[in-house]
Each structure stands twice: as structure tokens, then as C-alpha cells.
Amino acid sequence: MAHDHEVAGIRCGEVLERLSDYVDGELDAAERARVDAHLAGCDWCERFGGAFATTVGRLRGALTSHPIDGAVQERLRAALDDAR
Ligand SMILES: [Zn+2]
């Protein structure tokens, strides 16, 4: 990727790689916070446009209306550990 700079300790490419996990709520709180911080602080990602911007916009709306519950995440993680 021609444009790949670091904001909030995470690079644009890494944000893109994590986006599907982010959407699925599979990132842990620290990683999700880093992605959030990057998106908030990175002009390029904000201007990237197209599907990415649409996805981010949808995400922001979804997260606002349905905040991810920490206890639910913990139970999910425990269930995944059991399944392994
Ligand atoms: Zn970026």
C-alpha cells in the first residue's frame, strides 16, 4: 500500500487487516481502542472513501446504538476457550 502511516500505534494496513475482526467484535478491548483511535486520528483512513468509509460509518452507528457489552465479550471468549 502506497499510503501506510502510523497513528495511535497502529498502521493503516493493520487497521484494514483488523477491520473484519473489529466488525465481528473479535478484537480485545485494547486493540479495538487502538483501531478507534487510529480512525479518529488518521485523515487518510477517513478520506479513503468507498466501501471502507461506508463500513466505518456503519460501524460507528452500530457501536453507538449497540455498545459492545464487556461481560458478553468475556462470556464469548470463555466459550471460545472451551471449544478449543
Ligand atoms: Zn490510517
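1. Let's start with Cys-45, which sits in helix α3 (residues 43-47); helices here are DSSP runs of H or I with at least four residues, strands are E runs of at least two, and both are numbered from the N terminus. Cys-45 counts as buried, because it has 20 C-beta neighbours inside 10 Å. The cut-offs go like this: 20 or more other C-beta atoms within 10 Å of a residue's own make it buried, 12 or fewer make it exposed, and anything in between is partly exposed, with C-beta atoms placed from the backbone.

2. A word on what you are looking at: this is a predicted model, where local features need pLDDT of at least 70, side-chain atom pairs count only at pLDDT 80 or more, and totals for chains, interfaces and linings use all residues. Residues are numbered from 1 along each chain as its sequence is written.

3. Which residues does Cys-45 contact, leaving aside neighbours within four places in sequence? They are Cys-12, Val-15, His-38 and Leu-39, a contact being two C-beta atoms, placed from the backbone, that lie within 7 Å. The C-alpha atom of Cys-45 is also 9.6 Å from that of His-3, 42 residues away along the chain.

4. Now the overall layout. The chain has five helices and two strands, and from the N terminus they run β-β-α-α-α-α-α. Of its 84 residues, 10% are buried. Among contacts with a separation of 6 or more, 51% join residues 24 or more positions apart.

5. The largest nonpolar core has seven residues: Val-15, Tyr-22, Leu-27, Val-35, Leu-39, Cys-42 and Cys-45. Such a core is a set of buried Ala, Val, Leu, Ile, Met, Phe, Trp, Tyr and Cys residues joined through C-beta atoms within 7 Å. Helices α1 (12-24) and α2 each supply at least two of the residues in this core. Val-15, one of its members, touches Ile-10, Val-35, His-38, Leu-39 and Cys-45, if you skip residues up to four places away in sequence.

6. The expected span is 1.5 Å times one less than the number of residues.

7. Where do the buried residues of α2 point? In α2, Val-35, His-38 and Leu-39 are buried. Seen down the axis of α2, the buried residues fall within an arc of 95°, so they line one face of the helix; the arc is that of the directions from the helix axis to the C-beta atoms. The face turned away from that side carries exposed residues Ala-29, Ala-30, Ala-33, Ala-40 and Gly-41.

8. Helix α1 also has 13 residues, and reaches 19 Å from first C-alpha to last, close to the expected 18 Å. Have a look at Arg-18, where α1 bends by about 45°; that is the angle between axes fitted to the seven residues ending there and the seven starting there. Just after α1, Gly-25 takes a positive phi of about 75°.

9. Ala-8 lies between β1 (6-7) and β2 (10-11), and has a positive phi of about 60° although it is not a glycine. Asp-28, in the loop between α1 and α2, is exposed because 10 other C-beta atoms lie within 10 Å.
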